[in-house]
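User: I am new to this structure. Please take a close look at one part of it, and then walk me through what else stands out.

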Amino acid sequence: MKRYGILLTVFMAFVLAITLTSGCSTPKKATKEDVTKSGTKPGPSDEELAKQRAEQEARERALREQAIRDQEARDRAAAAEAASLKDLSRIYFDFDRAELSNEAREILGKVAAQLKASPKKTLTIEGNCDDRGTNEYNLALGQQRADAAARYLQTLGIDRKRIKTISYGEERPVCSEATEACRHKNRNATFVYR
Amino acid sequence: MRKKHIVLFFVCILWLVTAAPVAYGKVYINIDSPSAQKFPIAITPFKNMNNASAQESLSPWFADTLGKTLEITGFFNILDRKAFLVDQTKLGISTENIQFPAWTGIGAESLVTGGFTVSGRDLTLECRLFDVVQGKLIVGKRYTGKLEERKEMVVRFAQEILVALTGEKGLFDTKIAFTGKKSGSSEIYYVNFDGTEPATLTNYRSITLSPKWSPDGKQISFLSYKDGAPDLFVMDLNRRTTRKILSTGRLNLPATWSADSRRMLVTSSKDGSEEIYILSISDGRMTRLTNDPSIDVSPTWSPDGKQIAFVSDRGGTPQIYLMDSSGAGVRRLTFEGGYNTSPAWHPRANRIAYEGRAGGTFQVMVLETEGGTPVQLTTNGRSENPAWSPDGRYIAFVSRLGGKSRVCVMNSNGTNVRVIHEGLDAYVSPTWSPHLNFY
């Protein structure tokens with residue numbers, strides 16, 4: 001929300017500056033009246049015009065510099081958010097289970113906080129399994145894992161409409177060695193933010 | 001598939017029509033007997049009838065090809081030609097020329113003789129099957145066609161031999177489809193029962209799984225992520241057109257077709273957890289059969305359509321359950337091992353093949369639906385996803401052994417394991433076609 005506030009302030013300042021320094025943004029009807037009036041009233045002197053131009057340029061320069069600073073700040077925030085989301089990209093499960101571990105709940109708590117901080121973001125949860133067992137059953141198990149994560153986020157106040165779930169069963173392993181460490185990595189729910 | 005039908009213009013003539021009905025009444029090989037021995041059969045070199053010198057090599061070729069074809073079935077012991085006491089090509093190939101005691105003397109119960117006539121590219125093939133114990137002709141056929149159609153003629157006569165000796169034709173006109181994985185994507189492939197003519201059915205470069213052949217032989221249903229979500233598709237095999245039949249944005253898995261190929265059992269998580277439904281293919285209407293927050297998956301209809309076996313983890317681990325086709329009367333079938341999945345209902349019996357955990361790995365098991373002790377059919381490596389042949393005499397399955405995955409076929413008693421496809425990274429979910437009548 002804070003970011004949008006800054007954006008709005010900058011925008012309003014910009015509009016105000018333009019309104020003050022130029023007649024272009026006033027309505028067409030007003031412009032016509034000004035033209036008719038200009039014959040009866042003397043215009044500003046050259047000195048006054050030069051002063052106005054200098055002030056206008058200074059304001060525009062300040063605005064441009066502010067815009068650049070804002071953009072840099074936004075980029076930094078986005079990078080920090082991406083870095084924090086990377087750590088929150090996965091939760092892991094026990095063999096043939098879809099229950100959430102304490103660690104998984106903790107990560108989901110942070111995921112929920114991220115989603116609340118970025119209300120326009122949506123989340124796809126991909127359920128995955130290791131290669132033991134049957135691939136059809138594992139497709140169902142992957143769906144259960146993704147749904148378990150989605151339900152928990154819902155209890156933490158995230159609108160279910162922002163969460164999509166998909167199961168890839170054992171079809172998208174992140175690791176292909178026949179070790180328990182590797183199988184553990186493959187039994188996950190992966191978070192993809194959009 | 002159909003091309004051969006048109007090209008091979010053949011004529012069959014049944015000799016000694018009066019003898020045929022008597023001979024056909026007897027089943028020489030009881031395939032379904034668990035103690036069935038391999039049936040000893042002698043195949044003589046085929047007689048070069050018009051002595052076309054350029055075609056001498058065809059004489060052993062016909063005998064060898066027929067022998068190899070019969071051997072694939074796992075029902076025959078093809079006797080070694082070196083043990084033969086008489087040369088029927090010299091004596092003659094008709095009933096009056098057969099020296100039956102010379103064949104019973106080496107342990108044969110049946111004898112095949114044959115003769116061929118080549119004229120230009122035209123081939124006439126005569127084949128006879130004898131019961132050497134009773135000293136009589138069982139079946140005789142004559143085929144005419146082109147020389148390059150000789151393999152098909154041999155397979156056709158092998159089918160005749162199987163009908164005469166086992167009461168039913170062989171599976172040479174069936175195919176097995178399966179998922180093959182390669183370079184991170186999976187496609188549907190198929191291959192003939194004898195391992196010939198492998199081909200691909202899909203090329204989506206996505207995840208495509210669980211092919212199920214329709215009982216009319218004309219369609220295959222499958223699951224594909226090709227449009228992003230796990231949707232169900234049906235491919236028309238003649239037109240090679242595909243249409244989407246179920247898309248819910250959540251998991252959808254195809255399972256067994258109904259006998260009339262108009263409905264399909266499916267698993268879908270569209271209403272929450274994974275439940276089993278009957279999907280009417282023409283109008284997409286779905287009838288929900290299960291109602292349980294746990295996983296319900298992989299349903300298979302009994303041959304009469306009155307019962308369904310399926311996998312559920314409602315008891316804490318994946319096990320096979322039975323229910324009435326209405327969804328009522330759920331009862332657990334498997335209790336041994338902590339992980340039993342992939343049920344396949346025998347096409348003619350109240351028997352289920354499935355994949356069960358045995359000694360730290362997974363093997364193909366068979367269990368009667370009234371319960372009892374499961375029979376473990378496989379022992380090597382890991383064996384998964386059993387699929388019955390349309391006659392219930394064979395099971396196709398996926399074998400993982402020594403880091404390699406293969407599609408295999410075995411006789412229903414676990415013997416005669418043959419590899420029908422290998423070379424891809426991994427295989428899953430074989431499905432067997434009905435008779436497609438291309439032989």
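Analyst: Start with a hairpin: β15(B) and β16(B) have six residues between them, and in the turn G272(B) has a positive phi of about 130 degrees. Strands here are DSSP runs (E, at least two residues) and helices likewise (H or I, at least four), numbered from the N terminus. This is a predicted model: local features need pLDDT of at least 70, side-chain atom pairs count only at pLDDT 80 or more, and totals for chains, interfaces and linings use all residues. Residues are numbered from 1 along each chain as its sequence is written, while chains are lettered from A and ligands numbered from 1 in the order in which they are written.

Now the strands themselves. β15 (residues 263-268) of chain B pairs with β16(B) in the antiparallel sense, over six bridges. Two strands count as paired if DSSP finds at least two bridges between them. L265(B) has I278(B) in β16(B) as its bridge partner. On β17(B), I278(B) stands opposite T287(B). β16(B) and strand β17 (residues 286-288) of chain B run antiparallel and are joined by three bridges. They too form a hairpin, with five residues between the strands, and there G284(B) takes a positive phi near 75 degrees.

How covered is β16(B), residues 275-280? Mostly: five of its six residues are buried. A residue is buried if 20 or more other C-beta atoms lie within 10 Å of its own, exposed if 12 or fewer, and partly exposed in between, with C-beta atoms placed from the backbone.

Strand β10 (residues 208-213) of chain B has six of six residues buried, so the rest of the structure largely encloses it. Four bridges link β10(B) to β11 (residues 219-224) of chain B, and the two run antiparallel. T208(B) faces S224(B) in β11(B). Five residues lie between these strands, and G217(B) in the turn has a positive phi of about 80 degrees.

Next comes β24 (residues 361-368) of chain B, which is mostly covered, with six of its eight residues buried. β23 (residues 351-358) of chain B pairs with β24(B) over eight bridges, in the antiparallel sense. G356(B) has Q363(B) in β24(B) as its bridge partner. Two residues separate β23(B) from β24(B) in their hairpin, where G359(B) shows a positive phi of about 55 degrees. β24(B) also pairs with β25 (residues 375-376) of chain B, antiparallel, over two bridges. V366(B) stands opposite V375(B) there. That hairpin has six residues between its strands, and G371(B) takes a positive phi near 105 degrees.

Then there is an open sheet. Four strands of chain B lie in the order β9-β8-β7-β30, with antiparallel pairing. β9 (199-200) and β30 (426-432) of chain B stand at the edges with a single partner strand each, so one side of each has no neighbour in the sheet. β7 (residues 175-182) of chain B meets β30(B) over five antiparallel bridges. K181(B) stands opposite A426(B) in that pair.

On to the helices. Axes are lines fitted to C-alpha atoms, for helices over the stretch in contact, and angles run from 0 to 180 degrees between N-to-C directions. In chain B, α3 (residues 58-72) and α6 (residues 150-166) have axes that come within 9 Å and cross at roughly 50 degrees. That makes α3(B) oblique to α6(B) (under 35 degrees is roughly parallel, over 145 roughly antiparallel, 65 to 115 roughly perpendicular, the rest oblique). Residues of α3(B) including F62(B) and L66(B) meet residues of α6(B), among them V154(B) and A158(B). Contact means C-beta atoms, placed from the backbone, within 7 Å.

In chain A, α4 (residues 102-117) and α5 (residues 135-155) have axes that come within 10 Å and cross at roughly 55 degrees. α4(A) is therefore oblique to α5(A). The crossing is right-handed. R105(A), L108(A), V111(A) and A112(A) of α4(A) touch A149(A), Y152(A) and L153(A) of α5(A).

A149(A) turns up again in the core. In the largest nonpolar core, of 140 residues, A149(A), I41(B) and I176(B) touch the most other members. Such a core is a set of buried Ala, Val, Leu, Ile, Met, Phe, Trp, Tyr and Cys residues joined through C-beta atoms within 7 Å. Leaving aside residues up to four places away in sequence, I176(B) touches residues including Y190(B), F193(B), V407(B) and W432(B). In soluble globular proteins, nonpolar side chains tend to be buried together.

Terms used. Contact = placed C-beta atoms within 7 Å. Left-handed = near helix turned anticlockwise from the far one by under 90°.
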